[in-house]
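The following exercises are to be worked with the sequence and the 3D structure at hand. Each task is followed by a solution in steps.

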Amino acid sequence: MDHVNPNQGSAHGPPPVPPATPDPATEGYAVAGMPAPVPPAPNPNEPQVVQTDRGAKDGLAKCERCGATEISLNVATGNLRCGFCRHEWQAENALAAFNLNGDISQLVGTIVGSGSGDIMPSVEEVLTFKCTACGAEVVIDTATSTQARCHWCRNTLSMNQQIENGAVPDMILPFKMTKESAIEKISAFVKKRKFFAHPRFRNEFNAENVMGVYLPYMVVDINAHATLSGQGEHQTRSYTVKRGDNEKRVYDADVYNVMRDFDVHVDDLTVESSSERLNQDTSQNTNNIINSIMPFDVENSVRYDSNYLSGFTSERRDSNLDQLSPLAHTQAEDITRHRVNDTLKFYDRGVRWDSQQVHVKGQRWVSAYLPVWLYSYQQRKSNGKTFLHYVAVNARTGETMGSVPLHQGKLLAISGAVQAVGVVLFVIFSLVG
Ligand SMILES: [Zn+2]
Ligand SMILES: [Zn+2]
(Lines give C-alpha, C1' and ligand atoms only; values in the text may rest on other atoms or scores of the structure.)
(Ligands and ions follow the chains in the order given, each with its own letter.)
Protein backbone atom coordinates (compact mmCIF):
# COMPACT_ATOMS: atom_id res chain seq x y z
CA MET A 1 0.00 0.00 0.00
CA ASP A 2 1.00 3.57 -0.45
CA HIS A 3 2.88 5.41 2.21
CA VAL A 4 0.39 6.79 4.69
CA ASN A 5 1.02 9.77 6.88
CA PRO A 6 -2.26 11.38 7.88
CA ASN A 7 -0.39 14.30 9.43
CA GLN A 8 0.67 15.46 6.02
CA GLY A 9 -2.88 15.67 4.77
CA SER A 10 -4.76 18.92 4.69
CA ALA A 11 -6.54 19.23 8.01
CA HIS A 12 -9.67 20.71 6.49
CA GLY A 13 -9.54 18.98 3.15
CA PRO A 14 -12.50 18.74 0.83
CA PRO A 15 -14.56 15.55 0.73
CA PRO A 16 -13.03 12.83 -1.43
CA VAL A 17 -13.30 13.43 -5.13
CA PRO A 18 -12.44 10.72 -7.64
CA PRO A 19 -9.82 11.84 -10.18
CA ALA A 20 -11.70 13.94 -12.67
CA THR A 21 -11.81 12.87 -16.28
CA PRO A 22 -11.61 15.92 -18.50
CA ASP A 23 -15.09 16.96 -19.51
CA PRO A 24 -15.12 18.77 -22.89
CA ALA A 25 -18.32 20.54 -21.90
CA THR A 26 -16.65 22.38 -19.06
CA GLU A 27 -13.01 22.41 -20.09
CA GLY A 28 -11.48 25.28 -22.02
CA TYR A 29 -14.19 27.86 -21.40
CA ALA A 30 -12.20 30.22 -19.23
CA VAL A 31 -13.15 33.84 -19.71
CA ALA A 32 -10.54 35.66 -21.77
CA GLY A 33 -8.08 37.53 -19.63
CA MET A 34 -8.97 35.65 -16.49
CA PRO A 35 -7.16 32.45 -15.65
CA ALA A 36 -9.54 29.57 -15.10
CA PRO A 37 -9.70 28.68 -11.43
CA VAL A 38 -7.77 25.48 -10.97
CA PRO A 39 -8.79 23.49 -7.90
CA PRO A 40 -5.82 21.73 -6.34
CA ALA A 41 -5.89 18.18 -7.64
CA PRO A 42 -5.98 15.65 -4.81
CA ASN A 43 -2.70 13.80 -4.59
CA PRO A 44 -3.68 10.13 -4.51
CA ASN A 45 -0.58 9.29 -2.47
CA GLU A 46 -1.47 11.55 0.39
CA PRO A 47 -4.38 10.72 2.61
CA GLN A 48 -7.22 13.17 2.83
CA VAL A 49 -8.09 13.95 6.41
CA VAL A 50 -11.69 14.43 7.46
CA GLN A 51 -11.88 16.56 10.59
CA THR A 52 -14.05 14.70 13.07
CA ASP A 53 -13.65 16.91 16.14
CA ARG A 54 -14.88 20.15 14.62
CA GLY A 55 -16.84 22.10 17.22
CA ALA A 56 -15.62 19.80 20.00
CA LYS A 57 -14.73 21.58 23.25
CA ASP A 58 -12.49 20.62 26.12
CA GLY A 59 -13.37 21.47 29.68
CA LEU A 60 -16.78 21.65 31.30
CA ALA A 61 -19.40 19.87 29.21
CA LYS A 62 -22.65 21.14 30.66
CA CYS A 63 -26.21 19.95 30.47
CA GLU A 64 -27.92 22.44 28.18
CA ARG A 65 -30.95 22.55 30.45
CA CYS A 66 -29.52 22.92 33.98
CA GLY A 67 -25.77 23.41 33.51
CA ALA A 68 -24.69 20.39 35.56
CA THR A 69 -21.63 18.41 34.46
CA GLU A 70 -22.87 15.08 35.86
CA ILE A 71 -23.54 13.52 32.47
CA SER A 72 -23.47 9.84 31.66
CA LEU A 73 -24.81 7.28 29.23
CA ASN A 74 -28.28 5.90 29.88
CA VAL A 75 -27.71 2.37 28.62
CA ALA A 76 -31.46 1.74 28.34
CA THR A 77 -31.98 4.49 25.76
CA GLY A 78 -28.49 4.96 24.33
CA ASN A 79 -28.78 8.67 25.17
CA LEU A 80 -26.61 10.87 27.32
CA ARG A 81 -28.45 11.84 30.49
CA CYS A 82 -27.99 14.66 32.97
CA GLY A 83 -27.63 13.25 36.47
CA PHE A 84 -29.50 16.21 37.96
CA CYS A 85 -32.46 17.14 35.78
CA ARG A 86 -32.69 13.83 33.82
CA HIS A 87 -32.62 15.70 30.52
CA GLU A 88 -31.57 13.30 27.73
CA TRP A 89 -29.99 13.87 24.35
CA GLN A 90 -27.98 12.02 21.76
CA ALA A 91 -24.83 12.78 19.79
CA GLU A 92 -25.05 12.75 16.00
CA ASN A 93 -24.41 9.60 14.00
CA ALA A 94 -20.70 9.92 13.27
CA LEU A 95 -20.43 8.41 9.79
CA ALA A 96 -23.36 10.46 8.53
CA ALA A 97 -22.17 13.67 10.20
CA PHE A 98 -18.77 13.44 8.54
CA ASN A 99 -19.91 11.91 5.26
CA LEU A 100 -17.74 8.86 5.95
CA ASN A 101 -20.32 6.35 4.77
CA GLY A 102 -20.42 7.28 1.07
CA ASP A 103 -20.47 4.83 -1.82
CA ILE A 104 -17.48 2.49 -1.46
CA SER A 105 -17.28 1.99 -5.23
CA GLN A 106 -16.37 5.70 -5.52
CA LEU A 107 -13.54 5.51 -2.96
CA VAL A 108 -10.18 6.57 -4.36
CA GLY A 109 -6.94 7.07 -2.47
CA THR A 110 -6.85 7.10 1.31
CA ILE A 111 -9.31 8.95 3.49
CA VAL A 112 -8.76 9.05 7.25
CA GLY A 113 -10.66 10.56 10.13
CA SER A 114 -8.60 13.15 11.98
CA GLY A 115 -8.81 10.93 15.09
CA SER A 116 -6.99 8.16 13.21
CA GLY A 117 -3.75 10.04 12.60
CA ASP A 118 -0.31 8.80 13.53
CA ILE A 119 0.49 8.79 17.22
CA MET A 120 3.27 11.15 18.19
CA PRO A 121 5.46 9.60 20.88
CA SER A 122 6.25 13.07 22.20
CA VAL A 123 2.65 13.82 23.16
CA GLU A 124 2.16 13.52 26.90
CA GLU A 125 -0.30 10.97 28.25
CA VAL A 126 -1.13 13.11 31.24
CA LEU A 127 -2.57 16.48 30.34
CA THR A 128 -3.51 19.45 32.47
CA PHE A 129 -6.70 21.43 31.91
CA LYS A 130 -7.88 24.58 33.61
CA CYS A 131 -11.27 24.25 35.26
CA THR A 132 -13.28 27.19 33.97
CA ALA A 133 -15.64 26.99 36.96
CA CYS A 134 -13.03 27.61 39.66
CA GLY A 135 -9.69 28.08 37.94
CA ALA A 136 -8.02 24.99 39.38
CA GLU A 137 -5.64 22.88 37.29
CA VAL A 138 -7.10 19.44 36.65
CA VAL A 139 -5.06 16.52 35.39
CA ILE A 140 -6.48 13.97 32.93
CA ASP A 141 -4.59 10.73 32.41
CA THR A 142 -5.43 9.97 28.79
CA ALA A 143 -4.14 6.40 29.06
CA THR A 144 -7.32 5.35 30.81
CA SER A 145 -9.81 8.18 30.49
CA THR A 146 -10.57 11.48 28.85
CA GLN A 147 -12.39 12.81 31.90
CA ALA A 148 -11.48 13.91 35.41
CA ARG A 149 -13.30 15.56 38.27
CA CYS A 150 -12.11 18.91 39.54
CA HIS A 151 -11.05 18.25 43.12
CA TRP A 152 -12.12 21.76 44.21
CA CYS A 153 -15.54 22.35 42.66
CA ARG A 154 -16.34 18.73 41.77
CA ASN A 155 -17.29 19.58 38.20
CA THR A 156 -16.36 17.02 35.55
CA LEU A 157 -13.86 18.09 32.92
CA SER A 158 -13.89 16.38 29.53
CA MET A 159 -11.38 16.21 26.75
CA ASN A 160 -13.12 16.05 23.36
CA GLN A 161 -10.57 17.67 21.09
CA GLN A 162 -8.23 15.26 19.40
CA ILE A 163 -4.55 15.29 20.22
CA GLU A 164 -1.91 13.13 18.58
CA ASN A 165 -1.84 10.40 21.20
CA GLY A 166 -4.80 8.31 20.09
CA ALA A 167 -6.90 9.07 23.18
CA VAL A 168 -9.83 10.65 21.33
CA PRO A 169 -11.13 8.53 18.43
CA ASP A 170 -13.29 9.66 15.53
CA MET A 171 -16.37 7.98 16.93
CA ILE A 172 -17.77 5.87 19.73
CA LEU A 173 -20.32 3.07 19.82
CA PRO A 174 -22.16 3.44 23.14
CA PHE A 175 -22.86 0.56 25.52
CA LYS A 176 -26.34 -0.86 24.97
CA MET A 177 -26.32 -3.60 27.60
CA THR A 178 -26.60 -3.04 31.35
CA LYS A 179 -24.06 -4.39 33.81
CA GLU A 180 -26.77 -6.68 35.23
CA SER A 181 -27.38 -8.29 31.83
CA ALA A 182 -23.63 -8.68 31.32
CA ILE A 183 -23.33 -10.42 34.70
CA GLU A 184 -26.09 -12.83 33.66
CA LYS A 185 -24.35 -13.60 30.37
CA ILE A 186 -20.99 -14.19 32.02
CA SER A 187 -22.46 -16.31 34.81
CA ALA A 188 -24.29 -18.48 32.28
CA PHE A 189 -21.12 -18.89 30.23
CA VAL A 190 -19.08 -19.96 33.27
CA LYS A 191 -21.83 -22.19 34.64
CA LYS A 192 -21.79 -24.29 31.48
CA ARG A 193 -18.06 -24.85 31.95
CA LYS A 194 -17.96 -25.22 35.70
CA PHE A 195 -17.62 -28.98 35.70
CA PHE A 196 -14.18 -28.79 34.09
CA ALA A 197 -13.15 -25.53 35.76
CA HIS A 198 -10.28 -25.28 38.19
CA PRO A 199 -11.54 -25.57 41.79
CA ARG A 200 -9.85 -22.33 42.83
CA PHE A 201 -11.54 -20.51 39.95
CA ARG A 202 -14.88 -22.00 40.96
CA ASN A 203 -14.40 -20.58 44.43
CA GLU A 204 -13.13 -17.20 43.36
CA PHE A 205 -15.44 -16.56 40.41
CA ASN A 206 -17.54 -13.48 41.03
CA ALA A 207 -19.25 -11.99 38.00
CA GLU A 208 -19.83 -8.75 39.92
CA ASN A 209 -16.21 -7.88 39.08
CA VAL A 210 -17.15 -7.31 35.44
CA MET A 211 -15.93 -4.04 33.93
CA GLY A 212 -17.21 -2.02 31.01
CA VAL A 213 -14.35 -1.18 28.64
CA TYR A 214 -14.24 0.74 25.39
CA LEU A 215 -11.67 -0.99 23.20
CA PRO A 216 -9.96 0.84 20.33
CA TYR A 217 -10.64 -0.31 16.79
CA MET A 218 -10.19 0.97 13.28
CA VAL A 219 -13.21 0.69 11.01
CA VAL A 220 -12.13 0.28 7.42
CA ASP A 221 -13.90 0.48 4.06
CA ILE A 222 -11.98 -0.83 1.08
CA ASN A 223 -12.62 -0.41 -2.64
CA ALA A 224 -10.46 -2.96 -4.43
CA HIS A 225 -10.17 -4.63 -7.79
CA ALA A 226 -9.29 -8.30 -7.99
CA THR A 227 -7.89 -10.32 -10.87
CA LEU A 228 -7.44 -14.04 -10.43
CA SER A 229 -6.37 -16.55 -13.02
CA GLY A 230 -5.64 -20.24 -12.95
CA GLN A 231 -7.00 -23.62 -13.98
CA GLY A 232 -10.18 -25.39 -12.98
CA GLU A 233 -11.30 -28.98 -13.52
CA HIS A 234 -14.82 -30.14 -14.25
CA GLN A 235 -15.56 -33.86 -14.03
CA THR A 236 -17.26 -35.29 -17.12
CA ARG A 237 -17.45 -39.03 -16.41
CA SER A 238 -16.57 -41.58 -13.78
CA TYR A 239 -16.54 -45.31 -14.35
CA THR A 240 -14.91 -48.55 -13.25
CA VAL A 241 -12.36 -50.45 -15.27
CA LYS A 242 -11.32 -54.00 -14.65
CA ARG A 243 -7.63 -54.83 -14.65
CA GLY A 244 -7.26 -58.52 -14.05
CA ASP A 245 -8.90 -59.19 -10.70
CA ASN A 246 -8.78 -55.55 -9.63
CA GLU A 247 -11.39 -52.89 -10.27
CA LYS A 248 -10.33 -49.32 -10.56
CA ARG A 249 -12.37 -46.10 -10.48
CA VAL A 250 -11.47 -43.73 -13.30
CA TYR A 251 -12.48 -40.07 -13.61
CA ASP A 252 -12.52 -38.01 -16.79
CA ALA A 253 -12.33 -34.25 -16.44
CA ASP A 254 -12.10 -31.22 -18.66
CA VAL A 255 -9.49 -28.62 -17.76
CA TYR A 256 -10.40 -24.95 -18.18
CA ASN A 257 -8.46 -21.75 -17.95
CA VAL A 258 -10.34 -19.80 -15.30
CA MET A 259 -10.22 -16.07 -14.87
CA ARG A 260 -12.10 -13.74 -12.55
CA ASP A 261 -11.90 -9.99 -12.75
CA PHE A 262 -14.16 -8.00 -10.43
CA ASP A 263 -14.52 -5.18 -7.92
CA VAL A 264 -14.53 -5.87 -4.19
CA HIS A 265 -16.21 -3.52 -1.72
CA VAL A 266 -15.43 -4.21 1.93
CA ASP A 267 -17.71 -2.33 4.32
CA ASP A 268 -16.89 -1.70 7.99
CA LEU A 269 -14.06 -4.15 8.49
CA THR A 270 -12.99 -3.81 12.13
CA VAL A 271 -9.29 -3.99 12.98
CA GLU A 272 -7.97 -3.89 16.52
CA SER A 273 -5.74 -0.92 17.12
CA SER A 274 -4.28 -1.77 20.51
CA SER A 275 -0.88 -3.38 20.02
CA GLU A 276 -1.50 -5.51 23.09
CA ARG A 277 -4.65 -6.98 21.54
CA LEU A 278 -2.96 -7.36 18.16
CA ASN A 279 -0.28 -9.46 19.76
CA GLN A 280 -1.61 -12.96 19.14
CA ASP A 281 0.74 -14.66 21.60
CA THR A 282 -1.75 -16.96 23.24
CA SER A 283 0.63 -18.22 25.91
CA GLN A 284 -0.07 -15.19 28.08
CA ASN A 285 -3.66 -14.33 27.45
CA THR A 286 -6.57 -15.08 25.21
CA ASN A 287 -6.89 -12.05 22.95
CA ASN A 288 -8.56 -13.93 20.14
CA ILE A 289 -11.63 -14.08 22.38
CA ILE A 290 -12.29 -10.43 21.58
CA ASN A 291 -12.34 -11.32 17.87
CA SER A 292 -14.94 -13.99 18.42
CA ILE A 293 -17.54 -11.59 19.86
CA MET A 294 -17.66 -9.67 16.56
CA PRO A 295 -19.39 -8.11 14.75
CA PHE A 296 -20.39 -4.74 16.16
CA ASP A 297 -22.99 -2.50 14.52
CA VAL A 298 -20.34 0.16 13.98
CA GLU A 299 -22.64 2.06 11.60
CA ASN A 300 -24.55 3.24 14.69
CA SER A 301 -21.48 4.91 16.22
CA VAL A 302 -21.91 8.51 17.29
CA ARG A 303 -19.63 11.54 17.42
CA TYR A 304 -17.12 11.21 20.21
CA ASP A 305 -18.17 12.72 23.52
CA SER A 306 -16.21 11.87 26.67
CA ASN A 307 -19.45 11.69 28.64
CA TYR A 308 -20.13 8.32 26.99
CA LEU A 309 -17.10 7.03 28.93
CA SER A 310 -18.40 8.07 32.32
CA GLY A 311 -18.52 4.94 34.49
CA PHE A 312 -16.52 2.91 31.96
CA THR A 313 -12.83 2.57 31.26
CA SER A 314 -11.16 2.81 27.90
CA GLU A 315 -8.01 1.63 26.25
CA ARG A 316 -6.07 4.06 24.12
CA ARG A 317 -5.22 3.27 20.51
CA ASP A 318 -1.46 2.85 20.10
CA SER A 319 -1.12 1.54 16.53
CA ASN A 320 -0.84 3.59 13.35
CA LEU A 321 -2.21 3.01 9.88
CA ASP A 322 1.20 1.81 8.65
CA GLN A 323 1.02 -1.09 11.07
CA LEU A 324 -2.65 -1.86 10.53
CA SER A 325 -2.92 -1.51 6.74
CA PRO A 326 -1.22 -4.81 5.86
CA LEU A 327 -3.60 -6.61 8.24
CA ALA A 328 -6.65 -4.97 6.72
CA HIS A 329 -5.48 -5.71 3.20
CA THR A 330 -4.80 -9.35 4.02
CA GLN A 331 -8.32 -9.61 5.36
CA ALA A 332 -9.67 -7.97 2.20
CA GLU A 333 -7.80 -10.60 0.15
CA ASP A 334 -9.27 -13.38 2.28
CA ILE A 335 -12.75 -11.96 1.75
CA THR A 336 -12.07 -11.82 -2.00
CA ARG A 337 -11.02 -15.48 -2.20
CA HIS A 338 -13.98 -16.49 -0.10
CA ARG A 339 -16.49 -14.60 -2.24
CA VAL A 340 -15.08 -15.84 -5.52
CA ASN A 341 -15.72 -19.43 -4.47
CA ASP A 342 -19.44 -18.88 -5.03
CA THR A 343 -18.76 -18.46 -8.74
CA LEU A 344 -16.68 -21.62 -9.09
CA LYS A 345 -19.29 -24.33 -8.46
CA PHE A 346 -18.96 -25.66 -12.01
CA TYR A 347 -15.35 -26.67 -11.33
CA ASP A 348 -16.26 -29.55 -9.07
CA ARG A 349 -12.69 -30.85 -9.01
CA GLY A 350 -11.33 -27.53 -7.82
CA VAL A 351 -9.53 -24.46 -9.09
CA ARG A 352 -5.84 -23.74 -8.72
CA TRP A 353 -4.97 -20.04 -8.90
CA ASP A 354 -1.67 -19.22 -10.58
CA SER A 355 -2.03 -15.52 -10.05
CA GLN A 356 -4.10 -13.53 -7.55
CA GLN A 357 -3.98 -9.76 -7.57
CA VAL A 358 -6.01 -7.54 -5.29
CA HIS A 359 -5.41 -3.89 -6.00
CA VAL A 360 -6.70 -1.47 -3.36
CA LYS A 361 -8.08 1.56 -5.22
CA GLY A 362 -9.49 3.38 -2.24
CA GLN A 363 -9.73 3.02 1.50
CA ARG A 364 -11.34 4.87 4.36
CA TRP A 365 -10.13 4.63 7.97
CA VAL A 366 -12.08 5.75 11.00
CA SER A 367 -11.03 5.12 14.60
CA ALA A 368 -13.70 3.98 17.04
CA TYR A 369 -14.26 2.89 20.61
CA LEU A 370 -16.34 -0.29 20.78
CA PRO A 371 -18.07 -1.42 24.00
CA VAL A 372 -17.15 -4.68 25.74
CA TRP A 373 -18.07 -6.06 29.15
CA LEU A 374 -15.01 -7.88 30.46
CA TYR A 375 -14.58 -10.33 33.25
CA SER A 376 -10.92 -11.16 33.76
CA TYR A 377 -9.27 -13.74 35.94
CA GLN A 378 -5.55 -14.07 36.55
CA GLN A 379 -4.64 -17.71 36.87
CA ARG A 380 -1.51 -18.58 38.79
CA LYS A 381 -0.15 -21.83 37.47
CA SER A 382 1.83 -24.30 39.54
CA ASN A 383 4.98 -23.45 37.53
CA GLY A 384 4.72 -19.86 38.77
CA LYS A 385 3.54 -18.45 35.44
CA THR A 386 0.33 -16.51 35.16
CA PHE A 387 -2.31 -16.68 32.47
CA LEU A 388 -5.00 -14.07 32.00
CA HIS A 389 -8.43 -15.53 31.34
CA TYR A 390 -11.30 -13.45 29.99
CA VAL A 391 -14.98 -13.72 29.48
CA ALA A 392 -16.02 -10.94 27.10
CA VAL A 393 -19.51 -9.78 26.19
CA ASN A 394 -20.27 -7.68 23.12
CA ALA A 395 -22.20 -4.85 24.79
CA ARG A 396 -24.32 -4.33 21.67
CA THR A 397 -25.29 -7.88 20.68
CA GLY A 398 -24.72 -9.88 23.88
CA GLU A 399 -22.42 -12.31 22.05
CA THR A 400 -20.29 -13.93 24.74
CA MET A 401 -16.98 -15.78 24.55
CA GLY A 402 -14.26 -16.58 26.99
CA SER A 403 -11.90 -19.00 28.62
CA VAL A 404 -11.86 -20.45 32.11
CA PRO A 405 -8.94 -22.14 33.86
CA LEU A 406 -9.33 -25.90 33.56
CA HIS A 407 -9.01 -28.58 36.18
CA GLN A 408 -6.33 -30.69 34.48
CA GLY A 409 -6.76 -33.69 36.78
CA LYS A 410 -10.45 -33.95 36.04
CA LEU A 411 -9.84 -33.54 32.30
CA LEU A 412 -7.24 -36.33 32.32
CA ALA A 413 -9.52 -38.58 34.30
CA ILE A 414 -12.35 -38.02 31.82
CA SER A 415 -10.20 -38.49 28.74
CA GLY A 416 -8.71 -41.57 30.41
CA ALA A 417 -12.21 -42.92 30.91
CA VAL A 418 -13.10 -42.20 27.29
CA GLN A 419 -9.99 -44.06 26.17
CA ALA A 420 -10.83 -46.97 28.47
CA VAL A 421 -14.30 -47.17 26.91
CA GLY A 422 -12.61 -47.12 23.50
CA VAL A 423 -10.36 -49.99 24.45
CA VAL A 424 -13.31 -52.03 25.77
CA LEU A 425 -15.29 -51.40 22.56
CA PHE A 426 -12.27 -52.35 20.48
CA VAL A 427 -11.92 -55.62 22.38
CA ILE A 428 -15.62 -56.37 21.92
CA PHE A 429 -15.47 -55.63 18.18
CA SER A 430 -12.34 -57.73 17.87
CA LEU A 431 -14.07 -60.62 19.59
CA VAL A 432 -17.16 -60.31 17.42
CA GLY A 433 -15.32 -59.55 14.14
ZN1 LIG B 1 -29.46 18.92 33.57
ZN1 LIG C 1 -13.19 23.40 39.43
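**Exercise 1.** How many bridges join S4 to S5, and do the two run parallel or antiparallel?

*Solution.* The model is a predicted one, in which local features need pLDDT of at least 70 and side-chain atom pairs count only at pLDDT 80 or more, while totals for chains, interfaces and linings use all residues. Residues are numbered from 1 along each chain as its sequence is written, and chains are lettered from A and ligands numbered from 1 in the order in which they are written.

Step 1. Strands (E, at least two residues) and helices (H or I, at least four) are DSSP runs, numbered from the N terminus; two strands pair if DSSP finds at least two bridges between them.
Step 2. S4 and S5 are joined by 2 bridges and run antiparallel. Across this pairing, Leu 80 faces Trp 89 in S5.

**Exercise 2.** Determine the strand order of the open sheet that holds S3, and identify its edges.

*Solution.* Step 1. S3 (residues 71-74) is antiparallel to S4 (residues 79-82), with 4 bridges between them. Leu 73 lies opposite Leu 80 in S4.
Step 2. The open sheet therefore takes in 3 strands in the order S3-S4-S5, paired antiparallel.
Step 3. S3 and S5 (88-89) are the edge strands, each pairing on one side only.
Step 4. The hairpin of S3 and S4 has 4 residues between the strands, and Gly 78 there adopts a positive phi near 80°.

**Exercise 3.** Describe the hairpin of S7 and S8.

*Solution.* Step 1. S7 (residues 126-130) pairs with S8 (residues 137-141) in the antiparallel sense through 5 bridges.
Step 2. Thr 128 has Val 139 in S8 as its bridge partner.
Step 3. Between the strands are 6 residues, and Gly 135 has a positive phi near 90°.

**Exercise 4.** Which residues touch the most other members of the largest nonpolar core?

*Solution.* Step 1. A nonpolar core is a set of buried Ala, Val, Leu, Ile, Met, Phe, Trp, Tyr and Cys residues joined through C-beta atoms within 7 Å; buried means that 20 or more other C-beta atoms lie within 10 Å of the residue's own, with C-beta atoms placed from the backbone.
Step 2. The core has 75 residues, and those touching the most other members are Ile 172, Tyr 214, Ala 368, Leu 370, Val 372, Trp 373 and Val 393. Strand S12 (residues 211-243) supplies the largest share, 11 residues.

**Exercise 5.** Where is confidence lowest and where highest?

*Solution.* Step 1. pLDDT is the predictor's confidence in each residue, from 0 to 100. The chain averages 83, and 82% of the residues score at least 70.
Step 2. The lowest value belongs to helix H7 (residues 408-432), with a mean of 65, and the highest to strand S11 (residues 171-172), at 96.

How values were computed:
Buried ≥ 20, exposed ≤ 12 C-beta atoms within 10 Å, placed from the backbone.
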